[in-house]
Amino acid sequence: MASLWDDLDNLVNSPSSFSAKTGERGTVKPKANFDAGDDAVALRKAIEGLGTKEKTLIDILTHRSSAQRQLICAAYQEATGRTLLDDLKGDTGGDFEDLLVALVTPPAAYDCHEVMRAMKGAGTKEDVLIEIFASRSNEQIAALNEVYLQETEKKLTLDLKGEVSGDFCNALLLLAEGKRDDSTTVDTEKAKEDAKTLYDAGEKKWGTDESKFVDILCHRSIPQLRQTLVEFRNISGKTLQESIEGEMSGELEELLVAIVKCVKSVPAYFAERLYESMKGCGTDELTLNRIMVSRSEIDLLDIRAEFKKLYEYSLHSAIESDCGGNDGKTLLKICGGDDES
């Protein structure tokens with residue numbers, strides 16, 4: 001795995017998922033000749049009939065864009081006086097229910113609910129917070145914050161402060177504010193300066209000045225950080241990821257490594273997360289479902305390609321061998337094609 005993350009050649013000019021527009025590299029596309037009313041009727045019949053017709057639910061909800069699903073939800077409520085969300089919850093269960101609920105939830109609200117779930121109950125699920133805040137654009141984070149404020153009447157950053165602490169907290173809060181520089185221009189001299197600052201704060205000194213890593217990795221633009229990664233290797237002879245892994249530990253290390261991975265390639269980062277969710281005994285369905293749904297209209301085609309490159313078998317075949325039942329069928333529809341050939 002190290003070789004993927006060590007490859008910095010051509011990094012600065014390669015496309016980034018942070019700037020990808022919905023629909024460009026997704027597997028789920030808007031349906032042509034779409035009629036929300038017809039879909040609402042079909043869903044109602046599937047739910048109200050004797051025994052839920054799961055195939056209808058899967059076929060409709062995985063072949064419409066998120067915007068179209070919201071129109072279906074509105075048409076369904078108008079026709080029945082009930083919400084599609086509540087009916088799906090009442091009529092399905094388990095991982096299948098979670099997937100369908102995710103599909104009918106707007107992306108910003110879905111991200112927000114995953115963050116809420118990560119903070120709820122005993123023990124914060126830091127890996128979920130790391131995944132979401134390291135991989136989302138400023139625009140996505142702003143939308144997430146807005147939903148959180150609407151639903152809780154509290155600021156997300158204030159609630160996060162009560163859940164996490166230390167340098168990890170500082171880094172997470174910076175990301176949760178969505179204030180990363182959006183500039184697309186690269187200042188090579190600044191990148192060299194930042195690379196030296198990072199080298200001096202880690203490799204060169206006894207003990208590590210984590211605050212310097214947090215400041216640079218959470219504030220600089222993605223193109224600027226890509227150049228900084230190149231400059232860091234030129235100065236130190238090793239990659240920034242290797243340096244962080246050697247100098248730090250715990251959640252801060254995980255977060256900063258996730259940021260570096262996403263700066264290099266968001267699709268490769270998610271391919272790795274998907275692999276981790278399915279390897280070994282048992283499946284981490286929450287992670288698998290979250291990534292498949294949240295990336296389905298953004299860059300799932302690229303994630304599939306990276307998965308095949310990394311593991312030499314397709315994401316489709318991994319899901320097929322790991323997930324059965326209706327949730328498996330739903331995930332395969334979201335995944336789209338099989339890249340085995």
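## Helices, core and cavity

Helix α8 (residues 126–135) is mostly covered, with nine of its 10 residues buried. This is a predicted model. The buried residues of α8 are E126, V128, L129, I130, E131, I132, F133, A134 and S135.

One of these, F133, also stands out in the largest nonpolar core: of the 93 residues there, F133 and M292 touch the most other members. Helix α16 (residues 250–264) gives the largest share of this core, nine residues. Leaving aside neighbours within four places in sequence, M292 is in contact with L274, L300, L315, I319, L331, I334 and C335. In soluble globular proteins, nonpolar side chains tend to be buried together.

Helix α8 also takes part in lining a cavity. A search of the whole structure finds one cavity of 30 Å³ or more. Elements giving two or more residues to the lining of the largest cavity are α8, α9 (138–152) and α11 (166–176). R136, N138, I141, L175 and R180 lie nearest its centre. The table describes this cavity.

| Property of the largest cavity | Value |
|---|---|
| Space | About 60 Å³ |
| Lining residues | 12 residues |
| Nonpolar lining residues | seven residues |
| Polar lining residues | two residues |

Helix α4 (residues 66–80) has 15 residues; at 1.5 Å a residue it should span 21 Å, and its end C-alpha atoms are 21 Å apart, which agrees. The buried residues of α4 are S66, Q68, R69, I72, C73, A75, Y76 and T80. They pack against α2 (36–48), α3 (54–61), α5 (84–91), α6 (94–104) and α7 (107–119). After α4 comes G81, with a positive phi near 75°.

Definitions and conventions. Residues numbered from 1 in each chain as written. Predicted model: local features only at pLDDT ≥ 70, side-chain atom pairs only at ≥ 80, totals over all residues. Heavy atoms only, no water. Helix = DSSP H or I, 4+ residues; strand = E, 2+ residues; numbered from the N terminus. Expected span 1.5 Å × (residues − 1). Buried < 20%, exposed > 50% of the residue type's maximum accessible area, 1.4 Å probe, protein only. Contact = heavy atoms within 4.5 Å. Core = buried A, V, L, I, M, F, W, Y, C linked by side-chain atoms within 4.5 Å. 1 Å grid on protein atoms, 1.4 Å probe; cavity = no way out; pocket = protein on both sides within 12 Å on 5 of 7 lines; lining within 4 Å. Points joined across faces, edges and corners; volume = space filled by probe spheres on them. Nonpolar A, V, L, I, M, F, W, Y, C, P; charged D, E, K, R; others polar.
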